[in-house]
Amino acid sequence: MPAVKTTIGRRTLGEVIKRLLLFDLFKGLFVTFSYNWRALYEKREGGNPNQAIYTEQYPLERPRVSERFRGAPRLNLDPETGQTLCIACDLCALACPVDCIEVGSIRREVREGEKVNKKKVLTTFVFDTSRCMFCNLCSEACPTDCLELTQSFELAVYHRSGFRWDREMLEKGIDYVRYAK
Amino acid sequence: MNVAPNNQIPNSQGLVKGMHEQEVEIAPGTLFDAEEMVINMGPQHPSTHGVLRVILKLDGETVRDLDCDIGYLHRGVEKIAEHDTYAMITPYWDRLDYVAAVSNDLCYVGGVEKLLGVEVPRRAEYLRVILTELQRIASHLLWLGTHAIDIGAVTVLLYAFREREEILKIFEDFIGARLTAHAFRIGGLWWDAYPEFDKRVRDFLKILPGRIDEYETLLNANRIWLSRTVGIGILPADEAINLSLTGPVLRGSGVNYDLRKAQPYSAYPEFDFEIPLGENGDTYDRYLVRMAEIRQSIRIIEQALDGLPEGPVMAKVPKVIKPPVGEVYFSIEAPKGEIGVYLVSDGTTKPYRMRIRPPAFINLQSLRRLSIGHLVADVVALIGTIDIVLGEVDR
Amino acid sequence: MMIDECGTERQSVLRSSIINSQFINHQFNMLGILTTLMFVAPEWVRRWTKEPRGNAFWAEFVLWPLIQILLVLFIVLTIVAYLVYLERKVSAFIQARLGPMRVGPWGLLQPAADGLKLLLKEDIIPLKADKAVFQIAPIISVVSALVVLAVIPWGAAWATIANINIGLLFVLAVSSVGVLGLVLAGWSSNSKYSLLGALRSSAQMVSYEIGMGLSIIGALMFARTLSMSGIIDAQQADGVWYVFFQPIGFLVYMVSALGETNRAPFDLPEAESELVAGYHTEYSGFRWALFFMAEYTGMIVTSAIAVTLFLGGWQFPGLNLITNKTVFAFVSIGVFAAKILVLIYLYMWFRWTWPRYRYDQLMDLGWKWMIPAGLANIVLTGIWYVLALPKSQGGLWGFMALKGDRLVPTKWGIAYFVATGFAVTIPIIWIVLASINRRSRDFNLHAQRQLQIKLRAERLQRHSEPAGESAS
């Protein structure tokens with residue numbers, strides 16, 4: 001197995017001379033100065049690793065959020081009827097490691113065409129985002145693609161109670177205050 | 001010989017009473033009879049890497065004795081696991097070594113798969129290797145930055161974080177989270193690679209070697225860096241083994257023990273890579289070993305990308321995971337050392353017992369051995385060189 | 001209201017904070033006086049100086065210096081605030097960041113916002129601290145840094161507040177008082193981190209002051225005066241900046257100045273990764289800002305001395321073409337400031353590139369490299385100087401000539417001094433130091449210390465055995 005090059009052994013003459021002339025220190029200075037110099041004239045583009053300045057100025061420049069990002073939860077609605085997709089099966093609540101989901105449902109007669117079926121219907125849905133660890137297990141357990149973790153990531157609120165998202169919030173999403181500056 | 005009375009030592013809540021005898025007893029009335037100073041480093045100290053509390057017994061600035069006080073971040077993950085189903089435990093593993101979440105996931109998921117006897121698809125194994133090696137690079141970069149900032153080179157931290165950020169972006173696109181990834185599921189992966197994954201990773205691997213050269217220009221030959229690391233905290237190979245250290249701390253002492261070679265798992269036998277070893281076992285060697293490991297990880301990822309097979313990424317695993325009665329130990333080479341899981345199944349959906357072998361916790365015990373006799377400034381460097389993460393130490 | 005066992009203590013803290021608020025108001029009044037003076041003073045000066053009785057005493061020794069002092073203080077403190085901004089920007093650009101961007105365009109108003117924040121912050125004094133000393137310490141620190149500004153030749157003609165003939169000695173003497181402020185701060189905080197920081201800083205500053213003092217002597221041999229303006233004039237008369245005569249002196253001075261001002265890689269007293277914040281761990285609000293001001297003023301002062309002594313002060317080739325006296329004075333101030341800025345950029349550049357030395361290594365560097373190098377430089381410079389004296393005074397080649405009442409090197413003399421400085425002095429000192437310090441790498445502080453402890457204990461035991469209990 002190869003060993004890394006360590007400092008064992010005597011220095012060669014070239015190394016001694018380099019050391020006396022402070023080459024090691026100047027090499028580092030050169031690296032940092034080249035960054036400083038490039039930062040002064042290069043056009044800036046946030047988040048590009050090939051440029052001298054990497055900073056994204058977050059509230060001004062919105063970050064690129066990937067498609068698979070697991071952020072704020074959402075309850076999807078049926079795009080045709082506008083009804084919730086949730087069938088109140090409670091699988092998400094069972095899958096959750098931190099018990100942050102509460103599903104409330106009642107059994108009720110639902111008219112489907114001409115038949116009248118007794119069916120479980122969603123009443124309340126509480127999602128505690130302060131406890132959630134965004135592991136996606138609930139969304140994976142959902143049989144109807146109703147519960148989903150979306151790309152919005154600004155979940156800060158001014159009060160603890162704001163972390164408890166009810167069904168309405170989950171279906172509409174919360175109103176963010178977008179800071180322009 | 002006279003002994004300095006114990007009650008002269010400023011005692012902080014009796015915490016140092018259990019500490020060990022002094023190396024040399026000090027006679028009163030001498031130049032050196034000044035009381036030893038007990039100083040608390042942490043848990044709110046900028047360079048204890050989290051909430052580690054180190055109680056230092058100082059003679060001037062020389063460390064006479066040292067005691068680590070841990071547990072500020074204890075969550076009881078092992079107990080929590082007894083109440084959760086197998087699938088629900090995975091996200092908790094992200095939060096052990098939270099700078100190397102993907103590696104932790106691989107360990108746990110691999111353990112459950114071993115218990116179940118599930119064969120993971122080859123494509124999934126390859127993707128796992130790619131992600132785990134990227135995580136190793138990210139973890140080593142974070143270690144490099146924090147280690148350098150402890151010794152005073154602030155700029156390296158920012159450079160290292162820039163490259164780590166690129167890895168996190170790749171993770172975000174692949175897994176959906178940056179830090180606490182929840183990368184793997186039992187039986188494979190939840191998501192297949194996204195279309196540009198190959199290109200993104202290759203682009204990153206193209207710029208990374210140049211950047212590593214940059215860090216090494218700043219540090220490798222720098223006389224200040226050398227004087228701060230060479231000969232500091234020398235750990236001979238036999239002592240390192242006796243302390244049951246693993247990972248770069250062990251390999252820095254010249255012991256060739258890497259689970260990827262010694263006890264191959266996942267797709268690692270199919271790749272060609274080398275295990276970098278140190279010679280002197282000092283802080284500088286551990287630094288070099290980690291830098292060399294980053295380069296080896298690049299090699300592995302390139303090979304894995306070249307040979308990435310087609311196929312499914314998820315094995316056929318029942319929705320409700322009910323392993324047979326039995327027990328299993330599975331361990332992998334995490335960036336910090338051997339992370340292992342010991343699972344006891346009683347045939348139900350929840351493990352009867354889960355035990356974690358935490359590398360950072362076990363490596364941390366070498367801190368006392370390393371730092372006695374060095375100066376306060378070296379303690380900071382030594383905490384850095386062991387590369388601890390308190391999420392894993394305290395569990 | 002909550003009353004606890006520390007009620008009395010709380011009250012006294014409250015009282016002291018009231019006193020402090022009065023103090024701040026007083027400062028605001030001072031600000032008013034300052035602005036009044038700035039606008040009205042020139043009128044006064046004219047009136048006083050044109051007085052028919054010809055009594056120019058007040059104008060010369062009171063009013064004009066006062067105006068200069070206030071102007072310099074105002075400008076320097078503003079520059080100090082913007083040096084912090086500059087430091088943040090430079091560090092950001094070096095580290096692939098942007099730095100302050102949010103307050104004003106490109107964050108230009110950040111110093112004002114920071115200053116306001118620090119003024120409005122609560123002044124926390126730890127309960128167990130020595131209050132009086134704790135309050136005085138930052139003032140000592142900042143005053144000793146600011147007083148030095150009086151003798152610095154900011155520009156030609158009227159731009160120096162006090163052109164005293166022992167200017168350089170004054171600078172060294174006063175700036176060494178600054179260490180007192182740090183020691184008092186560390187001690188009075190009653191915190192272990194502060195104490196360790198103060199111990200480190202006192203040892204460091206005391207030892208690097210020696211190197212600093214030794215390094216300037218070579219240049220003084222050529223200048224033959226201690227007056228700051230006199231040194232600049234001497235460089236003009238000799239026709240060369242002393243950095244070319246004294247490369248080693250300049251190097252030692254710069255390194256010692258880094259150590260003296262506690263800048264990286266010698267920022268041990270406040271090494272944040274080891275000692276949290278060193279001697280000012282317990283300070284907050286404006287008292288902390290005073291330390292900060294002292295540090296940056298110290299940077300300006302040490303750079304100014306370096307510029308004066310080695311880089312020709314406010315001189316620059318071609319500057320003599322300006323005939324208008326006022327314009328010349330302003331341009332000279334600009335040149336001086338530009339030279340200082342270059343040096344300060346060097347300071348920042350070093351800080352954000354290199355790691356930090358350890359305490360014992362720092363002492364090593366100071367005592368084993370800087371001080372011997374300074375000493376050797378004095379000896380060698382003396383030898384070169386004596387050899388170059390005019391033949392009438394016993395020199396060998398007569399590279400110097402008497403011009404007026406001072407010795408000035410001829411053209412060959414300049415070449416001779418530059419050549420000896422670079423080609424002979426540097427290698428000699430380098431080789432001598434490298435050979436005497438060759439074994440210093442083996443030096444193990446821990447082993448040495450253990451040995452000393454053991455020997456001392458043995459000796460003490462030997463002494464105490466026959467005498468019984470009477471060992472002291």
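B:Glu78 counts as buried, at 14% relative accessibility. In this predicted model, B:Glu78 forms a salt bridge with B:Arg355, with 3.4 Å between the closest N and O atoms. Over all chains the structure holds 45 salt bridges, and three of these are counted between chain A and chain B.

**Chain B as a whole**

- Chain B contains 15 helices and eight strands.
- Of the 395 residues in chain B, 65% are buried.
- When contacts in chain B between residues at least 6 apart in sequence are considered, 73% of them join residues at least 24 apart.

**Salt bridges within chain B**

- The bridge between B:Glu78 and B:Arg355 has a distance of 3.4 Å between its closest N and O atoms. This pair links distant parts of the chain, 277 residues apart: B:Glu78 belongs to helix α1 (residues 77-81) of chain B and B:Arg355 to strand β8 (residues 351-357) of chain B.
- B:Glu78 is buried at 14% relative accessibility, whereas B:Arg355 is partly exposed at 32%.
- A further salt bridge joins the side chains of B:Arg162 and B:Glu214, at 3.8 Å from N to O. B:Arg162 lies in helix α5 of chain B and B:Glu214 in helix α6 (residues 197-219) of chain B, so this pair ties together parts that are 52 residues apart in sequence.
- B:Arg162 is buried, with a relative accessible area of 2%. B:Glu214 also counts as buried, at 18% relative accessibility.
- One network, joined by salt bridges that share partners, comprises B:Glu133, B:Arg136, B:Arg251, B:Asp258, B:Arg260, B:Glu293 and B:Glu333.

**The contact between chain A and chain B**

- Chain A contributes 38 residues to the contact and chain B contributes 52 residues.
- The two chains bury about 3,900 Å² between them, and 54% of this area is on carbon and sulfur atoms.
- Between chain A and chain B there are 17 residue pairs in polar contact, counting pairs with both residues at pLDDT 80 or more.
- On the side of chain A that touches chain B, α2 (23-41), α3 (91-95) and α4 (137-141) of chain A each supply at least two residues. The element that gives the most to this side is α2(A), with seven residues.
- By residue class, the side of chain A that touches chain B consists of 21 nonpolar, eight polar and nine charged residues.

**A salt bridge across the contact**

- B:Asp173 and A:Arg64 form a salt bridge in which the closest N and O atoms are 3.2 Å apart. The pair crosses between chains: B:Asp173 is in helix α5 (residues 154-174) of chain B, and A:Arg64 is in the loop between α2 and β1 (73-75) of chain A.
- The accessibility of the two partners is as follows: B:Asp173 is buried, with a relative accessible area of 8%, while A:Arg64 is exposed, with a relative accessible area of 51%.

**Cysteines**

- Zero disulfides are present over all chains.
- The closest cysteine sulfur to that of A:Cys146 is in A:Cys86, and the 4.8 Å between them is too far for a bond, because a disulfide requires sulfur atoms within 2.5 Å.
- A:Cys146 counts as buried, at 1% relative accessibility, whereas B:Cys68 is partly exposed, with a relative accessible area of 24%.

Definitions and conventions
Residues are numbered from 1 along each chain as its sequence is written. Chains are lettered from A and ligands numbered from 1 in the order in which they are written. This is a predicted model: local features need pLDDT of at least 70, side-chain atom pairs count only at pLDDT 80 or more; totals for chains, interfaces and linings use all residues. Side-chain values use heavy atoms; hydrogens and water are left out. Buried means under 20% relative accessible area, exposed over 50%, partly exposed in between (1.4 Å probe, protein chains only). Contact means heavy atoms within 4.5 Å. Buried area is the accessible area (1.4 Å probe) that two parts lose on being put together, summed over both. A salt bridge is a side-chain nitrogen of Lys or Arg within 4 Å of a carboxyl oxygen of Asp or Glu. A polar contact is a pair of N or O atoms within 3.5 Å; within protein, one must be able to donate a hydrogen and the other to accept it, and residues adjacent in sequence count only if both atoms are side-chain atoms. Helices (H or I, at least four residues) and strands (E, at least two) are DSSP runs, numbered from the N terminus. Ala, Val, Leu, Ile, Met, Phe, Trp, Tyr, Cys and Pro count as nonpolar, Asp, Glu, Lys and Arg as charged, and the others, Gly among them, as polar.
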